[in-house]
Amino acid sequence: MTRSTRARIIDEALRLFAERGYSATSVAEIEAASGLSPGAGGLYRHFKSKYEVLAAAINEHATRTRSQVAESLAELSSMEASAELEDRLSHLCRAGLAKVREESELTRVFFRDLSQFPELVAVVREGLLQPMFDAIVTWFRAQPEFKDVEVDWAGISVVLGGSVVHYRLFQETVGELPGYADKDQFVTAWVRLAVGLLPSPAPVS
């Protein structure tokens, strides 16, 4: 499917911001990467400024995240209840890792540049990070073993979701796997941690 010019500008700008930094990327460079004549002002037919491109990229990623979270929950919910809890937890963890990895460019921009734009930090927090924590809570409450169990699901989601985010962020910022543990090692340990945090499952009728 052919991307619109607006979409190309957003995608290429985010890639350049991630590679070079927001301040070091010029409008002309974004235009060239987007297939427009550099310096001819083509970007301004779609956006008022370079900042507006950045804001559009972050807001569109936040909107997409909400849809993806809903789709992921539906997919995870389709797993048969007879599947072992550990297998369901493993799928949940891998879905989270995939989502954080998908946002690798945005992650680099976040750490390098977004401190100067607190309003965009808020979009990342509320549009990308918080939905993931909320999804973990929703998922646990939907599991047959925990439907009527009252525990601090929000606290558990922070511990489990935070470790998933940290694993990928460490890779993005340091360039190495944390503790040199590969993904399968991490998922196995994550599942063991999750099981340890959870109350004893109620019998499923």
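**Start of α8.** I looked up the start of α8 in this predicted model and found a side-chain oxygen of D182 within 3.1 Å of the backbone nitrogen of D184. I took helices as DSSP runs of H or I with at least four residues, numbered from the N terminus. I note that residues are numbered from 1 along each chain as its sequence is written. In this predicted model, local features need pLDDT of at least 70 and side-chain atom pairs count only at pLDDT 80 or more, while totals for chains, interfaces and linings use all residues; side-chain values use heavy atoms, without hydrogens and water.

**Faces of α8.** I list F186, V187, W190, V191 and A194 as the buried residues of α8 (buried: under 20% relative accessible area; exposed: over 50%; 1.4 Å probe, protein chains only). They lie on the same side of α8 because they cover an arc of only 135 degrees around the axis, the arc being that of the directions from the helix axis to the C-beta atoms. On the other side of α8, I found T188, R192 and G196 exposed.

**Packing.** I recorded that the buried residues of α8 pack against α4 and α7, with contact meaning heavy atoms within 4.5 Å.

**E103.** I located E103 in the loop between α4 (85–102) and α5 (104–113). E103 counts as buried because its relative accessibility is 5%. Leaving out residues up to four places away in sequence, I found that E103 touches H61, R64, T65 and L128.

Conventions. Helix = DSSP H or I, 4+ residues; strand = E, 2+ residues; numbered from the N terminus. Polar contact = N/O pair within 3.5 Å; in protein donor to acceptor, adjacent residues only side chain to side chain.
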